Amino acid sequence: MASVRPATSPCIALEGVGVSYAARGATVQAIADVTLDVAEGEFIALLGPTGCGKSTLLRVVSDLLAPSQGSVSIRGGSTADARRANDFGFVFQEAALLPWRTALDNVNLPLEVVGYPAAERLARCRELLQSVGLSKFEQHYPHELSGGMKQRVAIVRALAWNPSILLMDEPFSALDELTKNQLQDDLLEIWNRERKTVLFVTHNISEAVYLADRVVVMSAHPGGIKRVIDVDLPRPRTPGMRETLAFIEQVRLAREALQAEHRTPS
């Protein structure tokens, strides 16, 4: 078990979290004994192979799935209280935009749901679309947008009601390399400006290192914390940083942690 404690009171605290379920008459342990504290405004990347429980952990944090063992708290309170307070914003692998709504109306949808002041909605939506360079596309429908544009809309939609915690489940994995790199920079620009607490699921080592303050390397079968790597790179991150020896070394450390896990007999 790995345990990491920020110096100040955590935003997210996981204590011995496990998730198990019944399948074909047996109990399957999806994740086990996860203990991790995430500081306010910290960017955490959950890195691991497919099926290691990264997405399951996001569901537990967001109160979409109750842990079978252990506990999760958000700023000392329950995950249910945090969900009711609209503390969570979600971005998934697929943008999941409503096809009959324009980009502007898709961003506006969660504001309608949470009862955001009607007089302020339009300005908020336009401000968010402008922040990712989509002002000229606010009246375009999803089928008129590229994959990268749709993910930009999905990101700012998740930020629409100003949640304090952003949960991202492999949001860039379906994009080409150039688009992915651009969206990583867009995300970091938003994070630098708003300092949300971010849990970012990925299986891409370079992406995890480029984005995160810490990379949490997860083991498989059941999922747990194999190693936590402090990313020793300056902020703000810049595209040229991907070519530096310091970046390459951080990627090597994360890759070795993953490879060690794959070499471990199951």
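**Exercise 1. Find where Trp191 sits and which ring it pairs with**.

Let's start with the residue itself. Trp191 has a relative accessible area of 2%, so it is buried (buried means under 20% relative accessible area, exposed over 50%, partly exposed in between, with a 1.4 Å probe and protein chains only). A word on the source: this is a predicted model, in which local features need pLDDT of at least 70, side-chain atom pairs count only at pLDDT 80 or more, and totals for chains, interfaces and linings use all residues. Residues are numbered from 1 along each chain as its sequence is written, and side-chain values use heavy atoms, with hydrogens and water left out.

Next, the rings. Searching the whole structure gives six aromatic pairs (rings of Phe, Tyr and Trp, the last by its six-membered ring, pair if their centres lie within 6.5 Å; planes under 30 degrees apart count as stacked, over 60 as edge-to-face and the rest as tilted). One of them joins Phe43 and Trp191 edge-to-face, at 6.0 Å centre to centre and 75° between the planes. Because Phe43 is in strand β3 and Trp191 in helix α6, this pair ties together parts 148 residues apart in sequence (helices, H or I with at least four residues, and strands, E with at least two, are DSSP runs numbered from the N terminus). Phe43 is buried too, at 0% relative accessibility.

Finally, look around the pair. Phe43, Phe172, Trp191 and Phe200 make up one aromatic cluster. The charged end of Arg195 sits over the ring of Trp191, 4.0 Å from its centre (NZ of Lys or CZ of Arg within 6 Å of the ring centre and within 35 degrees of the ring normal).

**Exercise 2. Which side chain of opposite charge is nearest to Glu207?**

Locate the residue: Glu207 belongs to helix α7 (residues 205-211). The nearest side chain of opposite charge is Lys180, 5.5 Å away, and the buried Glu207 has no salt bridge (a side-chain nitrogen of Lys or Arg within 4 Å of a carboxyl oxygen of Asp or Glu; Lys and Arg count as positive and Asp and Glu as negative, while His and the chain ends are not counted). Beyond neighbours within four places in sequence, its contacts include Phe172 and Phe200.

**Exercise 3. How far apart are the closest N and O atoms of Glu42 and Arg214?**

The closest N and O atoms of this salt bridge are 2.6 Å apart. To place the partners, note that Glu42 is in the loop between β2 (26-38) and β3 (43-47), with Arg214 in strand β9 (residues 214-219), 172 residues apart. Both Glu42 and Arg214 are buried.

How values were computed
Contact = heavy atoms within 4.5 Å.
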